[in-house]
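Here's a quick briefing to read alongside the sequence and the 3D view. Take a look at the structure first, then work through the points below.

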Amino acid sequence: MSDMLPLSIQNNRRMDRWIRFDPDRTVRLAVGKVELGQGNVTALAQIAAEELDVDLARIAVLSGDTQDAPDEGQTTSSQSIEVSGRSVRLVTAELRARVLDRLARRLNCAPAELSVEDGTFRHADAPTGHDYWNFVQAEDFAAEIAGTATPKPHTAYRVVGKPVPRRDLPAKVAGAAFIHDMVRPDMLHARILRQPNRGAVLAAFDEAPVRHAAGGDFRVVRVGNFVAFVGPDETVVQRAAAAAGPHARWDNARQITPAQQEADWLVGKPTNERVHGDPPMADPPKTVVEATYSRPYIAHAAMGPSCALAEYRGGVLSVWSHTQGPYPLRAALANVLGLPAERIVVRHAHGAGCYGHNGADDAAVDAAVIALQVPDQCIRVLWRREEEFGFEPLGTAMQVTARAALDDAGKPVEWTQEIWSGTHVQRPSTGGNMLTHEALPTPPPDPKPTDPPEAAGGGGTRNAMPLYDFPVRRILHHLVLAPPVRTSALRGLGALPNVFAIECFVDELAERAGVDPVAYRLSMLSDPRARRIIEDVAARSNWARRGPAGSGRGLGLAWARYKNKAAYAAVALELEVDQEVRLKRVWCAADAGLVINPDGGRNQLEGGIIQAASMTLKEQVTMEGEGVTSIDWKTYPILKFSEVPEIDTVIVDAPDQPTLGMGECTMGPTAAAIGNAVAHALGVRIRDMPFTRERIARVLLG
Amino acid sequence: MAIELVVNGTARSVNAADTTPLLDVLRNQLDLKGARYGCGLEQCGSCMVLVDGAPVYACAREVGTVAGRHVTTIEGIGSLANPHPLQLAFLDEQAGQCGYCLSGIIIEAKALLDRNPDPTRAEIAAALDNHLCRCGAHPRILRAVARAAALIREGAAP
């Protein structure tokens, strides 16, 4: 039975690790997933309130704390509700059942005769005088979680499925709310002089001009090639770090050429080769067509730079971080610092949205390394803007060739998706190195080439297998071993480039076959949930009245099921193109099964649409010389308010279906819908992101 | 040196060099954390405050240049106990995800509504073009500002 349990329960079998009843008539729910701005903590509280039959306001959530909350690994991959939500539901349903069983024995009645109203127990509609707070005993928590309790049927839900306001938002519109705002006793500010790359050696550093520019007191903490400016005045250390670059001479610094910033640079480089799916057809049709699509390197580009606090007192290291995974970060800290994990506590605090693996963990290691050098003080590290853009792990560039062998009707009978990509995971928990570690006197070995397994949704292969009814579908994955920069998880991993390629190529094949793109899709798609969302956005976008191509106005459509097993999303998108692309309107439909907080879900769907539109139209990390050259918002522009379209979103009602993670499902469909709408507007296809004014001009000039 | 300024309606004296960024003075000397460091380059708007009613990037503004002037931060706009209609409207619309950009945006919106009590969607968007949001909460933010405008026109205390 236990192998059927969600991973979160398998790893945390004690009931009291999850839940506690406090004397102020609140319920303390502890979870390992963390709030990243996606609203998951509010949704988890809804689930607990529902199963316990306690008012939502009584549920206090502690999330992401290696001392007091369960280990649920990383908060990634749209898994918070699918995995943690399922765990919270089983835990709270089981606790409620245990308590009511015991009360039934006490009252000599059947458990079914008991009910719960805001935490108080009633028998045959009369008060029993008992409630969770006065009746729950140690014995209710004694046994391991069995995971066998039957949660409520969805038809009985009163809190789940209702739009509920986010718990973390009020502070964020009022003042202090973030890790950046924390003030601890004996706090010192720190800024880092970053090693330009692994292996670079600080040959000389001229402190005098840096001290002059800083205009105040600070100390330089140096450990190997790691250098930090530490002092009581944040302005001073910020100025020191800003001035330091030209006064540091690095030997063995890398030299990057601009050609390396392009996806096509990956082709032909040393790789680890992987093949998935069906064997090739022995005798495929003669008609084979292909097209190649690409996405460049993309920055997470958090609004607030990475920040961390660390203090080393009495042999215990306490770290505050906006990490996605407090326990994995603790393990990484133990590894880098040579401290036993039992002497490290990591606590989550709110940061700016991260959209994957950004500098959060690295900043935490920065702070910890300094704290060990400067014990008994709190070290607050804040990355500079150019440091955030220059040193965060990037979403890797990808080049994708879609190849189809077509039958006489112009439909694929064999589809091959050939992918060139750097790795999508170099988290500390998956063998990646922390930046600071590489600068220390004993750097770790080079990370081994790896990518998430297919069972976890894959990395470069994420969403590469088309969900159409093609008889033969296969993936050739060239995992490129040495991209010019560190790459790691960016929202959706390979899903956006792969869906972009599949859904654009399907439009190209439809045109070749002389069939309407929606009709073409539906003619080779039997999944009713997929058909339903496509038909929905086609109807709402007035697809039937779509005009001929080349008018300057385009309507495009695309869909995907995230990871081929999470939420379904379809996007139709209207735009205009003259010199650049202007988005006009977006229609979105999603099917995520049981949705805990529909307003939170809608927020995620729409945020994904806008972020993907920004990436598709504008974003590319540029590189030259020692590293990244897109180091501010002028050189790395994102979508602005006046460029954001109106979005109409529908969430399909499917409460009887299991919850499907929806945080990343609209990204790929949006990119592909833009690709298809631009092709419709221009009558010419653009296959490489971003769709900048320069690229459009180049394509139009042939 | 001592610099006198009026912050959120209260006269304050701060001991700082003329050239210290206003943002650092607000956050580290006056413990007003609502204005946020985003870029230090006047590009993202996370640090926006009002100086004599006009939106100003606090990250690069030297505190010496605001001596004797009125500075308003999000804490001076309203509080959780006594929220401004803009703050209410942002919560009503759940207009945000990570929320890092929101205090600067509310400051900018306050300046907009002070000069234009009934802006169109396009006018709101144009006013907010100095502000970046990475999460994609833009449609909700635009709705929230329009909703706040309506609340204020209907008589809620601005």
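**Around Leu5 of chain A**

Leaving out residues up to four places away in sequence, A:Leu5 touches A:Gln10 and A:Gly147, where touching means that C-beta atoms, placed from the backbone, lie within 7 Å. Keep in mind that this is a predicted model, where local features need pLDDT of at least 70, side-chain atom pairs count only at pLDDT 80 or more, and totals for chains, interfaces and linings use all residues. Residues are numbered from 1 along each chain as its sequence is written, while chains are lettered from A and ligands numbered from 1 in the order in which they are written.

- A:Leu5 sits in the segment before helix H1 (7–10) of chain A.
- A:Leu5 and A:Ala146 are 141 residues apart in sequence, yet 8.6 Å apart in space, C-alpha to C-alpha.

**Domains of chain A**

- Chain A splits into domain 1 (2–166), domain 2 (179–253 + 301–391) and domain 3 (398–424 + 459–700), with bounds from an automatic or database domain assignment.
- The centres of domain 1 and domain 2 of chain A, taken over C-alpha atoms, are 38 Å apart.
- Where these two domains of chain A meet, domain 1 gives 15 residues and domain 2 gives 13 residues.

**Where chains A and B meet**

- Chain A puts 43 residues into the contact, and chain B puts in 44 residues.
- On the chain A side, H16(A) has the largest share, with 8 residues; helices here are DSSP runs (H or I, at least four residues), numbered from the N terminus.

Conventions. Helices (H or I, at least four residues) and strands (E, at least two) are DSSP runs, numbered from the N terminus.
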